[in-house]
Amino acid sequence: MFKYSGLLWSFAAFGAASAGLFLGSADSAHSDIAKFHSLLAQHRHVPGQVIVKMKPALRTAAMADLFANTAGVDVFETNANFATVKLHSESQTAAFLENAATNPAIEYAEPNYILHTVGTRDNPPENIPNVADFGRLWGMKNTGQTDAEGTVGLVGADIGATKAWAVTTGNKDIAVAVIDTGVDYTHPELKENIFVNSGEIADNGIDDDANGFIDDIHGWNFAGVSTNNPMDDNEHGTHVSGTIGAKGDGAGNKIAGVTWNTSILPVKFLTGSGSGTLADAVKAIQYATKMNVKIMSNSWGGGGFSQAMYDAINEAKIKGILFVAAAGNDSANSDSSPHYPAGYQIDNVMAVAATTNRDTLASFSTYGKRTVHIAAPGHKIYSSIKGGGYNTFSGTSMATPHVSGAAALVWGANPSLTYAEIKERLMKSRDFIPALSRKVASSGRLNVYNAVMGIYPVSPEPSEDQWRDIAFNPAESAHPYANSFKQEFAFEAPENVKFMRVVFSKVELEDGYDFLKVVDGAGKEMDSISGRGTDTPTYYVEGNKLTLKFSTDSSQTFWGFAVSKVQVVYK
């Protein structure tokens, strides 16, 4: 179904005759092979598959040598700069990754990670209700009703949806890509809000809109095979879609999405088992970017840091797209153990934690004061599933579509806003929840009514406009830094300072191996930073003393870090 157009690469002639450049042995000059074996063991991935991005100057003649002795190479359907390389064994895969790190013709190579949904079924299908029951949607309006587990809710622990709907019910011009297991686009709650590609003539076998995809009327299916049918075969993507945009005001409907009028673009890369590959995920993001959606809703995660996915999300940023992502269900601090894709430090990414009907952080939810932006209802959430049914799921998968739907509702009422302004408004308009103050960057839970109205509740924590720069001695690592290295930088401000933090112009550390720890004057660790970012502030400490503790492991080294500001809030 996919139409190749104008590709410059040809892989047909690849054979085993050439000696090849990649399939080296562990005794080569580069000696990081153990780390690549560890990387492959640590994260689920497609055995023997690697994602490769070639440098633009590479010529076809050289490529036969580069990929000789591999089991095959597939060019990405959405971007010909990327390819999936298939190796014969895991040992070859590790050797390939090792040698690719220093090969001048390769920009980067990484495992084809297995990604997965971030949510699970709570009730079996036979318990699906067959009557309208708005009272089940405690996340939209919490009157103290019990959830599916029998827990009595806290009145007002909701996103304020009913109030927001008195102002606006959405805008069909705002397209939301649901990148997931597909969507049941025939579901009675969803069919009126499914994206229709007006540039295509259905079933004529022609790529009418010249986007490289034939007859993509309702999106695309990248899950292993490439087809124009993104029908859900799992239930997860349809559940997510119901929370975003179930119609809400039609006769016989049983639920309401956060926005009643939107255009949901189904983009399937997860299979019926709820898993998918990095290659297919990147294709899905690239496709949604081509389709000029405003929002991507991503209730999935897995694998380590991927440069290919980072680049795809960054391309979406350049197109002005907000990338909403599930923080994860690991009960972990993502500031020190990033969960991807929510953990990518790109400013169009909005990571979402999950709350209960009592405004507590869900026990399963990943959190992070620096890397998770906001929380939203994600425990015992009732929504649509495939086949016209309904069920209750839990997970940050269920929190994410509350934020995606809220972004669509706010954007529909304010179409001139940018993704950055939408993200800022959602964060500033949250309800401040003390239990979340050290768990998410905004210290609160989504309130879509406040976001629609531009209401920003007062917080006991310092706001951005309170921070003041002070003089400081230069503080940065070597570039690149050394292996097995420790270094400390101590900062002290005037005694009349209440809060203190530092801001990095750039951080580029080996993700999960090299760390910057932020310690307050009493010696308590307040923040842990790994990976990469730009213009990154630390979590604040109370008082006028702050110490940065930098430590590295014994293998790879990266650029390091540089402090650009030391900031304080005065008493």
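## A tour of pockets, helices and cavities

Start by selecting α1 (33-42), α3 (90-100) and β4, each of which supplies at least two residues to the lining of the second largest pocket. The helices (H or I, at least four residues) and strands (E, at least two) are DSSP runs, numbered from the N terminus. A pocket is an open set of points on a 1 Å grid over the protein atoms alone, with protein on both sides within 12 Å along at least five of seven lines; a cavity is a set where a 1.4 Å probe fits but cannot get out; lining residues have an atom within 4 Å of a point.

You are looking at a predicted model, in which local features need pLDDT of at least 70 and side-chain atom pairs count only at pLDDT 80 or more, while totals for chains, interfaces and linings use all residues. Residues are numbered from 1 along each chain as its sequence is written, and side-chain values use heavy atoms, with hydrogens and water left out.

**Stop 1: the second largest pocket.** Which element gives the most to this lining? Colour β4: it supplies eight residues. For the centre, select L39, Y113, G304, F305 and D511, the nearest of 44 lining residues. The space here is about 1100 Å³, a volume being the space filled by probe spheres set on grid points that are joined across faces, edges and corners.

**Stop 2: T117.** Stay on strand β4 (residues 106-117), where T117 sits. Is T117 buried or exposed? T117 counts as buried because its relative accessibility is 17%; buried means under 20% relative accessible area, exposed over 50%, and partly exposed in between (1.4 Å probe, protein chains only). Leaving out residues up to four places away in sequence, T117 touches D180, T181, H236, L270, G274, S299, W300 and S397. Contact means heavy atoms within 4.5 Å.

**Stop 3: helix α5.** Now select residues 236-245, which form helix α5. Ten of its ten residues are buried, so the helix is largely enclosed by the rest of the structure. Among these buried residues are H236, V240 and I244.

**Stop 4: the largest cavity.** Helix α5 and strand β15 (381-385) are the elements that give two or more residues to the lining of the largest cavity. Its volume is about 80 Å³. Show L137, M140, I381, Y382 and H402, which lie nearest its centre.

**Stop 5: two packed helices.** Select α8 (residues 396-413) and α9 (residues 419-428), which pack at an angle of about 115 degrees with their axes 10 Å apart. The axes are lines fitted to C-alpha atoms, for helices over the stretch in contact, and angles run from 0 to 180 degrees between N-to-C directions. Show V403, A406, A407, V410 and W411 of α8 beside Y419, I422, R425 and L426 of α9, which make the contact. By class, this contact has eight nonpolar, no polar and one charged residues. Ala, Val, Leu, Ile, Met, Phe, Trp, Tyr, Cys and Pro count as nonpolar, Asp, Glu, Lys and Arg as charged, and the others, Gly among them, as polar.

**Stop 6: the largest pocket.** How much volume does the largest pocket have? About 1700 Å³. Of its 47 lining residues, H373, M427, A441, E464 and P537 are closest to the centre. Helix α9 is among the elements that give two or more residues to this lining, which has 18 nonpolar, 13 polar and 16 charged residues.
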